[in-house]
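Q: I would like to learn how to read a structure feature by feature. Where do we start?

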Amino acid sequence: YELNYHNSQWMERVAAVRARQGQTDAAVKALNVALIEGHAPKADVYFSAAQRLESWNMLPQAKEYAERGVSLAGAALLTDYAGGAQVYLRVMTRLRQYDAAFQKLAPLTQGKLLDVPVWRAMGTAVGQYFTPEEKSAFATFASTKLPFVPMVQAAGLLDLQARLLAFQPSELITLQQQRLQFAELGTQLEAYWKQASPKAEN
C-alpha cells in the first residue's frame, strides 16, 4: 500500500478517478501527493497540476496552483514558461478574472505588450466559455487595454477585429469579405485612404 500510495502515476490515476466521482478535495489531495509533495517546488510542476485541475473543471483549485507557478516562474514566466502562462490566463479568464491576470502579466512584457503571443489563450477561453453578454464585456476590456488581434480573433469578436484591422487593409478586406460586410468595408477603406493620403483631397 505504501509503495502504491507514493507512486506518482498511481496517484495521478487516483486523482482522475476522484475527479470523475465529483470528489474535489480527494482529487486535489491525490494530485498533490502525485506531483507536489516530496519534490522541490518547480513552476512547471504547478502549471501541470493546474492544467489537470482545469481539465476537470476545478477552476478555483486550478487557480491556486497556477498562481503558485506564476510566482515561482517570476520574470521568466513569458520566456521560459509560456505554456504555463497560457494555463494561468485560460484559468483566470474562465473565472472571469481576466483583468486581474492582465494586470499580473502586463509588467512582464517590458513594454512590448502586443508582442506576447500567450494572450491568445484568453481569447480561446472567451470564445469557448463566454456568453454573448460576457463577450461584449470582454470586447470592451480588449479594446481599451489589450487590442491584440490574434486574441480578439480567437474570441470570435469580429466587430472589434475589424476595427483593429482598420490600418491593415489586406487583412481587413479578407475579414470583411468573409463576413459579407461590404458597405462597412467600403467606409473603412475610404477612411484608411484619407489618412494614408492626406493630400488626396487637395
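A: Start with burial. Buried means under 20% relative accessible area, exposed means over 50%, and partly exposed is in between (1.4 Å probe, protein chains only). In this protein of 202 residues, 39% count as buried. The model is predicted: local features need pLDDT of at least 70, side-chain atom pairs count only at pLDDT 80 or more, and totals for chains, interfaces and linings use all residues. Residues are numbered from 1 along each chain as its sequence is written, and side-chain values use heavy atoms, with hydrogens and water left out.

Q: How many helices and strands does the protein have?
A: Helices (H or I, at least four residues) and strands (E, at least two) are DSSP runs, numbered from the N terminus. Here the secondary structure comes to 14 helices and zero strands. The pattern along the sequence is α-α-α-α-α-α-α-α-α-α-α-α-α-α.

Q: What share of the contacts joins residues 24 or more positions apart?
A: Contact means heavy atoms within 4.5 Å. Take the contacts in the protein with a separation of 6 or more: residues 24 or more positions apart account for 51% of them.

Q: What span should helix 10 have?
A: The expected span of a helix is 1.5 Å times one less than its number of residues. Helix 10 covers residues 132-145, which is 14 residues, so it should span 20 Å. Its end C-alpha atoms are 20 Å apart, in agreement.

Q: Which residues of helix 10 are buried?
A: Phe-138, Ala-139, Phe-141 and Ala-142 are buried. Their arc around the axis is only 165 degrees, which puts them on the same side of helix 10. The arc is that of the directions from the helix axis to the C-beta atoms. Glu-133 and Thr-144, on the other side of helix 10, are exposed.

Q: Where do the buried and exposed residues of helix 2 lie?
A: Check the length, then the faces. Helix 2 (residues 8-20) has 13 residues and reaches 19 Å from its first C-alpha to its last, close to the 18 Å expected. Met-11, Ala-15, Ala-16 and Ala-19 are buried in helix 2. They cover an arc of only 145 degrees, which places them on the same side of helix 2. The face turned away from this buried side carries the exposed residues Gln-9, Arg-13 and Arg-20. Just after helix 2, Gly-22 takes a positive phi of about 80 degrees.

Q: What do the buried residues of helix 5 pack against?
A: Helix 5 has 15 residues and reaches 20 Å from first C-alpha to last, close to the 21 Å expected. Its buried residues are Leu-59, Ala-62, Tyr-65, Ala-66, Gly-69, Val-70 and Ala-73. Seen down the axis, they fall within an arc of 145 degrees, so they line one face of helix 5. They pack against helix 3 (24-35), helix 4, helix 6 (77-80), helix 7 and helix 8 (98-105).

Q: Is Gln-61 buried, partly exposed or exposed?
A: Gln-61 lies in helix 5 (residues 59-73). Its relative accessibility is 21%, so Gln-61 counts as partly exposed. Leaving aside neighbours within four places in sequence, Gln-61 is in contact with Thr-24, Val-28 and Leu-53. The C-alpha atoms of Gln-61 and Val-28 are separated by 7.7 Å, although these residues are 33 apart along the chain.

Q: At what angle do helix 4 and helix 7 pack?
A: Axes are lines fitted to C-alpha atoms, for helices over the stretch in contact, and angles run from 0 to 180 degrees between N-to-C directions. Helix 4 (residues 43-55) and helix 7 (residues 82-94) pack at about 35 degrees, with their axes 9 Å apart. Helix 4 contributes Phe-47, Ala-50, Gln-51 and Glu-54 to the contact, while helix 7 contributes Gly-84, Ala-85, Val-87, Arg-90, Val-91 and Arg-94.

Q: Which residues other than glycine have a positive phi?
A: Most residues other than glycine have a negative phi. Gln-110 has a positive value near 55 degrees. Gln-110 lies in the loop between helix 8 and helix 9, and at 71% relative accessibility it counts as exposed. Arg-96 is not a glycine either, and has a positive phi of about 65 degrees. Arg-96 lies in the loop between helix 7 and helix 8.
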